[in-house]
Structure formats: structure tokens, C-alpha cells
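Please read them with the structure open.

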Amino acid sequence: MTTNSTADNEPLIRVRALTRRYLVGKQEVRALDGVDLDVERGQFVALVGPSGSGKSTLLNLIGGLDRPSSGEIHVADLELGTANDKQLVRYRRERIGFIFQSFNLLATRSAVENVETPLVLAEVKAQERRRRALELLQSVGLAARAGHKPNELSGGEMQRVAVARSLANQPLLLLADEPTGNLDSQTGQGILDLLRQAVLTRRVTLLLVTHDMEVAGCADRIVHLRDGRIQRIEELRPKAAPPEFLPKDDHDAAR
Amino acid sequence: MTLRDKTSTAWSNLGRRKVRTVLTSVGVIVGIMTIVTMVSLANGVRLQVKKQFEEIGLDRVTVRPAGEGGFGGGFNPFDFGGRTKIITPADVQRWQSWPQVEQASPEVDLPGDAATGLRFKGKSRPVRVAGSTSAFRRGPFSQPPTALAGTVELPQQRGVLILSRGALKGLDVPQRQYSALLGQTAEIVLAAPRGQKQSYRLKIIGISSDGAPSVQISALDRLAMKSWWFNDPNLLKTDGYDSVVLRAADVSGARVLVSRIRKEKFEVQSIDAILKVADRIFSVITIMLSMVGGLALLVACIGIVNTMIMSIYERTREIGTLKAMGASRADIRLMFMLEAGFIGLIGGVAGVFLGWLLGRGLNYAALWFAERRHLPLPDNLFVVTPALVLQSLVFAALIGILAGLYPANRAARLDPLAALRHE
């Protein structure tokens, strides 16, 4: 990350006039219709809204899984609309961690191997990636289940593995699409605590899509979407990361 | 993603559907097995033929008169006016003086329908009259006869003959007494269709191990017989020799001779040239036999394509997840191509082994059959060379990778979002 484009006064994510249209048959559907949004580094932002409001579309666009119809998405120093495929693949591999509602663990691989996968893709050496994966499993409280296959784990455990996996490549940005949707509220709360902890201690930025207002209540900001537009933004906590968690160079830049 | 990680991922992905993987590779197994068996048979036969030819001698060149219709046409007694260029004794003498020629032996063939008999110790029996160098006409698997007594190398000298073991059958001469026959006189009786008979008295100088009833007589004696048969004392002047065998100092000398004599408009043939033609024929046969295996491989290809499409369909979500985590198209493509390549390779390994085994079995059966029929067969008709093994394995893997090309491309092009939503 270059310092000039992501100095602390610049937001990590800058979305401008973003639209995404689909053709369903001959009917044009506007999933996003002119969205402007800034997200600062280290913030926990919840995207809420009824189904079809465009919250998942926005998440996928920011994650580089989808391309905008028009408008701009700046994440750090990359504009996703004009980036080529190679840049997008690299962006997903190095800067993004995804967490899905249905976990999406690789069924034939053990918990630790699942956590290792992003590191395999990033060509980290075998010994180093095993060490880091075990460390991450430890941090989500699953060190004892490292050798288990996903079908031997409970839903909550699977999502914990998925959280560990999303953090493996030390991303800038965590994107979670209904991460508690398949879990009971108590297990879901455990996952939310893990995510909050990641935001606080690792200073990652978290974008979380949910329609559960209780879940959204844990965020720093809540962005309400409806019919592809931002309806309103609720500020629950003023500024995110307390200064002691700032890395040293950023600390200097903030002066 | 490193190549090593892709390879191990592809391998472990095959392991999750073991039965399907093995069933898919059966086509490759059958194809490679067929090819290995066929090619090893061609290899073996070719090696044997080559060995036989080399025993006869690659250093020999046979010259025939021009205008006879080429080699292998056989001699037609009603067509002897057809020679446009005859081999005269002067030609033979000239060739003999060339530096490449070690020895020039003229040959005369008796007409095919001339009845020849051997009269010896009061008994008569039909025999074939041959020259010393009738080696070309031997079967590919027969060994050259050896001397049981005296010599089997016929000198260019009148009045002598070499008997075969087969010609002595029924005369009650045990083998240890063969040497006692040397120096005795035997009679060759030539019978013309017009009813006349002419006999020639010749001295026995050797007994050969050939089982067929035959006698070897020098070219000059045969020329005399042929002159009598056609009632033409000037036969040598009008028709010349039927052939001349030139023995060169070495193979390269033989090659020089072939081109030199061909310029003189004679028909020339050498073992070396025959071997080259034989090699080409064997290559054609090998390719044709391999096509059978190729057909099996084509079917196997379709099987692999089908299996890969199925397994990619099953893993659509997984591919979406990998893409979300930053796997590139090239990563996905190569991973699935390697997976298909492994299916081919598994089939290749099993196919090579089974092909070798089948070759052993067929060889065993062939030897058993040949022994019952008293046919001379070499020990090993199926030769699997390391090169054949290596080529088969590489070929099998390539077949797999080729078959994986289309499915892997489909997987690589999957839209990550659509793949993640796939149920």
C-alpha cells in the first residue's frame, strides 16, 4: 500500500455514482442505482436493507467479483472498474478476505488446510503457511480441531474456520455476506465477536451484509440500502481504531 | 499457486472419486495395452529379421540381368528372350577387379520345372538343386545350415557337390558315418519333359544340416545342366549368368557397389536395401496395428472429457470459492488439465504393464505352438524397449491433458459469482 493514496485523511474505500444493471430477460434491473460511499480504514460497516436492495451486489463489486456498469470504486490505490482481470485476481488474493453465509469450506480438506488455501494461492512456503494457519486456528479457538474435515465440524466451528481463512492473507478488507445467517443467535454472536476482535486488533476494515438489525448494531456505522440506493447512514461510534493499534508509520502520518 | 501445489491438489482431487477415476482410465488402459503389445511385437519381429539378414551378410550385393521384370518375379522359361542386358563372364571379371569387391560368384538357376534326382548307393530320390548362395530364399526364421561333415562352402569348381541331411533320408546312413561319405561319387539325374535323361557324376565334399532334400552344385555345373535342358550349347553367350553375388569388404563398400552397378543398367539388390524396405514395411504395419489402440484411446478421450465435465460440475461452488480467494483462470485451468493428465497417466502405467504381460503370454503361447509344429521360432517375439515404455507413458498423459483441455477451459471461464451461487 502506498502512503500517498491512503493517507489517513483518505478513506480506504471511495465509491462514486456506482450503478450495476442486469438484464433479466428483456427487463433491465437496477441492482445499484447511483451509490456514493466512503469507508475509512479500520471501520466496521454494516450494510442492511430488504432483499433486492443491492447490498450483496455492492459487497461483490467492492470485492472485485463483479464489474460495475458505471461509476467508480476506489479501494486503496486501485480503481476496480478499470482494473484488468489480472489486477482484480491479485487484489482478491492479497487484499480481500471473504466470509460467506454457507461457509464454503473445501469439503475434502481439513480445517488447517482450508485456512492454508489463500496462502497456497499466494505461493507461501509450505512450512510457513502451516505455521500461520495453525496460529490463526488458535486465535479462533479451534486449534484442537485442526485436522478435522468440514463434515466433522459444527456450523459455528465451520464459520470460525472460514473467518480464520479470510484472515490468512492479512487482508486490508474483510467482506462478510450474512455470516451469521446459517447460525443460531448465540453461535452467531461468537462469530461477530471474532470479527470485531479482528477489526480492533488487526486493524482490518469490515464490510458486513445482514438483514438482522441486532447484528448490524455491533457495527460502527450502518448503511441502509433500498432499491439500489443509500437511504441513510447511521453513525453508532465516531472513529474506529484507538490510536494504540495504529502501525507506527501511519501514526506518523496522522500527526 | 505453484506448480507443485497444483499437482498435489489435482492428485488429491482424483482420490475423492476413486472408482470413477479408475473406470475412466480403463479406456486408456485398453488403448495403451494394445499399442504396447502391437509395437513390441513389431519390434521383436523386426529385430529377428534384422538379425537373420545380418547373418546372411549386409556386405553382399546381388546383380541380375536387366529386363527380367525385377526381383522376386521368378524365372520364366518362356521369357528368356526378355533380357535386355545380360551378365557376361567378362562383366564378372571386371567386377572382380574393383577394389570394393572381395569376391564375385556367378549363379545359374535351373528352370523351375526341371526334374532333378539324386542317385546314390543304388537308390534314387528327387532333390532340389541349389547354388551356394540361395540364402535369400530362406524363411525369415530359419538358421543357416551348418556342416555335419566336410564343408558347406561350395567352391567355384566343377565336379563337386554338397548333400543335405534331408537328401540322405532313407539311405540308412547314421550321422557319425557322414564323414565316410566324403569323396564318394553321387549321380545327379536331370530329366527333360521330352523323356530324355542326363546324369552327372559328382564328388561329395560336404554334408549340410539342411533338413530339406537338396544338393548344392557349383554354377558351372548348373550351367552345363541348363545348356543340356534348353539344348543350347551357347546359353552363356545368349543369356549370360542368372545372377552374380558380389561380396564387398564392408557395408559401405556394398552401398558403393549398388550405385555403381545400377549405373551400368543392371538390376541390383543388396540386403542393406532390402532391410531398408523391410524397415519401412514394418513401420507401416506398426502404425496400422497401433491405430487399433488409437481408436480405443479416442473413445477413452471422450470418457475423460465426460468425467472431467461431471467433476467440474460437482465442484462449481469450490471453483467459485477458489476464485474469490484469488485463484486465477490459469491456476484453475492448469489444475484441471493436470487432473485429466493424471487419469491418462494412471491408464498409461497400467496399460504398459498389461501390454507387457499380454506380450509375454502371447509369446509363451506362440513358442508352445511352434514347438508342437517343430517350427523354428526365436525365443522372444515381443520386445518392450525402455523408449516404448517412456513414449507410451508420455503419450497417455498427453491424451489425458488434451482431453482435459476443454473441460478445464470451461472451469477457468466460470463466473465466480455464478459459481458461488451454484447449488
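1. In the interface of this predicted model, 15 residues of chain A are in contact with 15 residues of chain B, a contact being two residues whose C-beta atoms, placed from the backbone, lie within 7 Å. On the side of chain A that touches chain B, α2 (85–95) and α3 (111–121) of chain A each supply at least two residues, and α3(A) gives the most, with 4 residues; helices (H or I, at least four residues) and strands (E, at least two) are DSSP runs, numbered from the N terminus. By class, that side has 7 nonpolar, 4 polar and 4 charged residues, where Ala, Val, Leu, Ile, Met, Phe, Trp, Tyr, Cys and Pro count as nonpolar, Asp, Glu, Lys and Arg as charged, and the others, Gly among them, as polar.

2. As to conventions, residues are numbered from 1 along each chain as its sequence is written, while chains are lettered from A and ligands numbered from 1 in the order in which they are written. Because the model is predicted, local features need pLDDT of at least 70 and side-chain atom pairs count only at pLDDT 80 or more, whereas totals for chains, interfaces and linings use all residues.

3. Chain B has 12 helices and 12 strands. Its radius of gyration is 33 Å, well over the 22 Å that the globule rule gives for 423 residues, so chain B is more spread out than a compact globule; the radius is taken over C-alpha atoms, and the rule is 2.2 Å times the number of residues to the power 0.38. The C-alpha trace of chain B spans about 105 × 50 × 40 Å along its principal axes.

4. A:Glu123 is found in the loop between α3 and α4 (126–139) of chain A, and B:Asn231 in the loop between α5 (219–230) and α6 (235–239) of chain B. A:Glu123 counts as exposed because it has 12 C-beta neighbours inside 10 Å, and B:Asn231 counts as exposed with 10; the cut-offs are 20 or more other C-beta atoms within 10 Å for buried, 12 or fewer for exposed, and partly exposed in between, with C-beta atoms placed from the backbone.

5. Of the 423 residues of chain B, 40% count as buried.
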